[in-house]
Amino acid sequence: MDFDDLMAQAQALQDKVSKAQEELSKTRVRGISANGGCIMDMSGKYDLLGVKINEDILSCGADTVAEIFMDAYKDAKTKADALIDRVMGNATNDMKISE
């Protein structure tokens with residue numbers, strides 16, 4: 001493989017990764033905890049897009065509300081992680097970038 005072919009492949013990969021990152025920024029995931037007591041929307045790039053807290057959980061006390069909030073965040077982040085793995089895996093054709 002000559003240098004020009006290698007550079008063309010690198011540019012194509014960079015273009016795919018850029019498109020994947022754009023897709024991630026436009027995609028929403030939703031984290032839910034406490035049976036809908038807290039719903040958190042996050043982009044595929046971990047940007048927090050919105051939080052809804054059901055008034056029923058507010059009477060549970062600050063520590064419990066904080067725990068419910070964190071559970072919704074963890075759920076959203078887990079879903080975002082899976083989305084990132086899928087989208088970036090497709091962009092790189094599951095190529096191992098580092099070991």
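The accessible surface of the protein, a predicted model, comes to about 7,000 Å², and 52% of this area belongs to carbon and sulfur atoms; accessible areas come from the Shrake-Rupley method with a 1.4 Å probe, and for residues only the protein chains shown count as cover. Of the 99 residues, 26% count as buried, where buried means under 20% relative accessible area, exposed over 50%, and partly exposed in between (1.4 Å probe, protein chains only). Local features were considered at pLDDT of at least 70 and side-chain atom pairs only at pLDDT 80 or more, while totals for chains, interfaces and linings use all residues. Residues are numbered from 1 along each chain as its sequence is written, and side-chain values use heavy atoms, with hydrogens and water left out.

The secondary structure comes to two helices and three strands, which follow the pattern α-β-β-β-α when read along the sequence; helices (H or I, at least four residues) and strands (E, at least two) are DSSP runs, numbered from the N terminus. The radius of gyration of the protein is 19 Å, well over the 13 Å that the globule rule gives for 99 residues, so the protein is more spread out than a compact globule. This radius is taken over C-alpha atoms, and the globule rule is 2.2 Å times the number of residues to the power 0.38. The C-alpha atoms fill a box of roughly 65 × 25 × 15 Å, taken along the principal axes. Among contacts (heavy atoms within 4.5 Å) between residues at least 6 apart in sequence, 52% join residues at least 24 apart.

Helix α1 spans residues 3-26 and includes Q9, a residue that is partly exposed, with a relative accessible area of 47%. Q9 and D41 stand 32 residues apart along the chain, and their C-alpha atoms are separated by 36 Å.

Two residues other than glycine have a positive phi, namely N35, at about 50 degrees, and Y46, near 70 degrees. N35 lies in the loop between β1 (28-33) and β2 (38-43) and is exposed, with a relative accessible area of 86%. Y46, in turn, is found in the loop between β2 and β3 (48-53), where this residue is partly exposed, with a relative accessible area of 37%.

With regard to charge, the protein has 12 positive and 18 negative side chains, and the centres of the two sets lie 4 Å apart. Lys and Arg count as positive and Asp and Glu as negative, whereas His and the chain ends are not counted; the place of a charge is taken as NZ of Lys, CZ of Arg, CG of Asp or CD of Glu.
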